[in-house]
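Have a look at the fold first, then read on.

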Amino acid sequence: MSRVLSSLLLMAAGLASAEPFSLSTPAVPDVAAVERYEVRTPFVPYAGTAKADFPQGLPLAVGSSLRFKGYDKKTSALEFWSVTDRGPNGDAPAVKTGSASMPAKLFPVADFTPAIAQLRVDLAQSAEVTRVLPIREGGRPVTGRPLAPGSTGATGEVGLAETMASLPYDPLGLDPEGIDIDRQGHLWVVDEYGPFLAEIDSQTGNVLRRLAPGKGLPDILRYRQPNRGFEGVTVTPSGKVVAAVQSTLDIDGKTRHSARFVRLVEFDPATGATRQFAYPVPEHFRKAGDLKLGDIAALSDTRFAVIEQGKDADKKMHNDVVVIDTAAATDLSGKTLADGRALEFGTLAEAGISPVKRAQAIDLRTLGWTAEKAEGIAVIEPNQIAIINDNDFGLTTRVEGGKGNADDYVWDSGSKRLLDAKGAPADGVRVGIAPNGEATQLFVITLTRPLKDWL
């Protein structure tokens, strides 16, 4: 693993781009200008079966979150904190062992260590990754491989190498999706597995403490949808840590699409106290479980900017910046319906719950945004924000010699053969990775008024 990390830090080449910067003034109300930067990143060493498609390696994906660090004192360049997710991965055939079948993910770089990164934007010129800090816990680097079944945060997935060999579970597995820093200089990172909330030393990358459902965080969070745990985190001016679950909870497998709110969790590092708030699912999401929150950034102690996205009833991808306020929202802690069931089984109104106030501010698609995953938002100035995408390490899963997607097949671990959906051998089919053609992009959006004024 040390060789991989050393290469990340030393390789200077980034994604090739004929246009690393562009400026536009879209005819969109309240938007003065949009600067688009293609972020130059180091590469993750890769020597798998698709090496010819990735001669330099896999481009490091640093767009799972974004937080403004400050201005360079000499040049006024913008500096940001960001974070990778669990690492290069893609859809894979389910794994059959005997009569049991488990979902799986392909991990072409099995020992990748999720990392904190620093970005630099030289205004009107370029953007690049300037530092990569691997995350460590318990004296060793963590990986992004799944946790063992039955453990806190387990998703039920099997990690597969490109050869279809099962990879070992990692008891410290982490899938980071949000980052911020407090006044003491400690980073706060949230993940999708647990969902976990981790306090991390910003100089060493060492995890100082990790909170989990029932272990410092509300136990009900264990009902997060697999791979839809915490998606964003922010530190308020008063020092509270606020984390956003990506989607609705799926309690006992029954509330994914019926629940009409997503949970936000506030944690007080000084006392350990928590509060929870309801983020209402907009009515235009026909299936509530299709809503995904991408990131959250504090505008004040109660007001926040949130990325809201997902495929709407019109089947089109939406990426919106929304402003919310928790000042008058009800704390959900200890609250249930009259019959004792979780709030997700009913309506907030019948339970006397006031959700957070919400107002849509910016439709990113009207500004030229094309990426599916807008996963990072940072507030630079009251009227200026930055948005970044997750490009999935530049890869997608490819099925060669067959039809359909990777998860339309099953890997029989006993016979070591790939089977099709009907259970017949699919010996001529190979599942691997291919370039997805997507770069890491960072938009700097200047508004004509402060973002907090949208609500």
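Which residues touch the most other members of the largest nonpolar core? They are L58, L66, F80, L119, L160, I433 and L442, out of 47 residues in that core. A nonpolar core here is a set of buried Ala, Val, Leu, Ile, Met, Phe, Trp, Tyr and Cys residues joined through side-chain atoms within 4.5 Å. Strand β11 (residues 115-122) gives this core its largest share, 4 residues. Apart from it lies another core, of 37 residues, with Y223, A244, F285 and F304 among them. As a general rule, nonpolar side chains tend to be buried together in soluble globular proteins.

A word on ground rules: this is a predicted model, where local features need pLDDT of at least 70 and side-chain atom pairs count only at pLDDT 80 or more, while totals for chains, interfaces and linings use all residues. Numbering runs from 1 along each chain as its sequence is written, and side-chain values use heavy atoms, with hydrogens and water left out.

Back to L442: leaving out residues up to four places away in sequence, L442 touches a list that includes Y37, L66, F80, L119 and I388. Contact means heavy atoms within 4.5 Å.

Zooming out, the protein chain has 1 helix and 35 strands, taken as DSSP runs numbered from the N terminus (helices H or I, at least four residues; strands E, at least two). Its radius of gyration, over C-alpha atoms, is 21 Å, close to the 23 Å from the globule rule for 455 residues, so the chain is as compact as a globular protein of that length. That rule is 2.2 Å times the number of residues to the power 0.38. Of the contacts with a separation of 6 or more, 64% join residues 24 or more positions apart. Buried residues make up 57% of the 455.

Buried means under 20% relative accessible area, exposed over 50%, and partly exposed in between (1.4 Å probe, protein chains only).

Beyond its neighbours within four places in sequence, T326 is in contact with F277, T302, F304 and V356. F304 also belongs to the 37-residue core. As for E19, its C-alpha is 9.7 Å from that of Q125, although 106 residues separate E19 and Q125 in sequence.
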